[in-house]
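This report sets out selected structural features of one protein model. Please consult the sequence and coordinates shown below alongside the text.

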Amino acid sequence: GHGHHGINIVQKLEWDFLELLQEIKSKGYLNNTLLIVMGDHGLRFGEVRESIQGKLEERLPFYTMTFPPWFKSRYPKLTANLKTNTKRLTSWFDVYATFRHMLSYPDLPSDLKHGQSLLTEIPYSRTCAEASIPDHWCPCLEWSAVSVEHSHIRNSALATVKYINNLNQEKNKSRTLCEKLTLMEVKYAMLERPNERVLQFSHVDWDWKTNFNADFKTLRHTCAGTKYNL
């Protein structure tokens, strides 16, 4: 399908999709219709999927809900919850729970094993485990300590100082009042990345992993319980 190998090919559908949306709007269908536009997943093939960003995008497909114009004024609390939940951890279980909630509104469905209606506020501190998302599909990032002696860390710090100095030179007032900054010491450094299971392809005996200590990819092959770094 379109978009399985790369996002650029999706633009071929742009005008057809726009025409469809314009027709739906012009005929008044949106006055009594909940319009959902979504993708089922990110890229499925290609080099992008082998990167950390590609693995995250595979787990974070596009999803929008467009409610009728009158919904916001009639249900301000539900509208506020929906807006808040755009910044919360959600899953397809929650989408299903939302549909069930719509059918039983104002009562909440009582027999759900997973998920929470998006018409209710999702907790800010929700974890993947609480959302019934397996570790392999969890998009949450983890922090880990990195040596301050690593060249990437020092180069990043130097680049930051240089950027600030350049900003100070852009205006007369800051150029006159601000001293030129220099890097004295890096106190600590942290690396933000997905958990290890996200970085592996599921149900296969090999995976690509980005090596922080180099500019190349390390192929880790597992065979008969033994791991080889090639």
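## A loop residue

Is Leu 108 buried or exposed, and what is its relative accessible area? The model under discussion is a predicted one. In that model, Leu 108 has a relative accessible area of 53%, and since the cut-off for an exposed residue is over 50%, Leu 108 is exposed.

Leu 108 belongs to the loop that runs between helix 5 and strand 3. Leaving aside residues up to four places away in sequence, Leu 108 touches His 101 and Thr 120.

## Overall architecture

The protein chain contains 7 helices and 7 strands. Their order along the sequence is α-β-α-β-α-α-α-β-α-α-β-β-β-β.

Of the 230 residues in the protein chain, 29% are buried. Among contacts with a separation of 6 or more, 57% are between residues 24 or more positions apart.

Helix 6 spans residues 151-168, 18 residues in total. From the first C-alpha to the last, helix 6 reaches 26 Å, close to the 26 Å expected at 1.5 Å a residue.

The buried residues in helix 6 include Ile 153, Ala 157, Val 161, Asn 165 and Asn 168. These residues lie on the same side of helix 6, because they cover an arc of only 110° around the axis. In general, an α-helix has 3.6 residues a turn, so residues three or four places apart point the same way. Lys 162 and Tyr 163, on the other side of helix 6, are exposed. The elements that cover the buried residues of helix 6 include strand 3 (141-146), helix 7 (172-177) and strand 4 (189-194).

## The largest pocket

The volume of the largest pocket is about 1100 Å³. Its lining comprises 36 residues, and those nearest the centre of the pocket are Pro 61, Tyr 63, Thr 90, Ser 91 and Val 95. Classified by type, the lining of the largest pocket consists of 20 nonpolar, 8 polar and 8 charged residues.

Several elements contribute at least two residues each to the lining of the largest pocket: strand 2 (63-66), helix 3 (71-74), helix 4 (76-85) and helix 5 (92-104). Helix 4 provides the largest share of this lining, with 4 residues.

Definitions and conventions:
Residues are numbered from 1 along each chain as its sequence is written. This is a predicted model: local features need pLDDT of at least 70, side-chain atom pairs count only at pLDDT 80 or more; totals for chains, interfaces and linings use all residues. Side-chain values use heavy atoms; hydrogens and water are left out. The expected span of a helix is 1.5 Å times one less than its number of residues. Buried means under 20% relative accessible area, exposed over 50%, partly exposed in between (1.4 Å probe, protein chains only). The arc is that of the directions from the helix axis to the C-beta atoms. Contact means heavy atoms within 4.5 Å. On a 1 Å grid over the protein atoms alone, a cavity is a set of points where a 1.4 Å probe fits but cannot get out, and a pocket is an open set with protein on both sides within 12 Å along at least five of seven lines; lining residues have an atom within 4 Å of a point. Grid points are joined across faces, edges and corners, and a volume is the space filled by probe spheres set on the points. Ala, Val, Leu, Ile, Met, Phe, Trp, Tyr, Cys and Pro count as nonpolar, Asp, Glu, Lys and Arg as charged, and the others, Gly among them, as polar.
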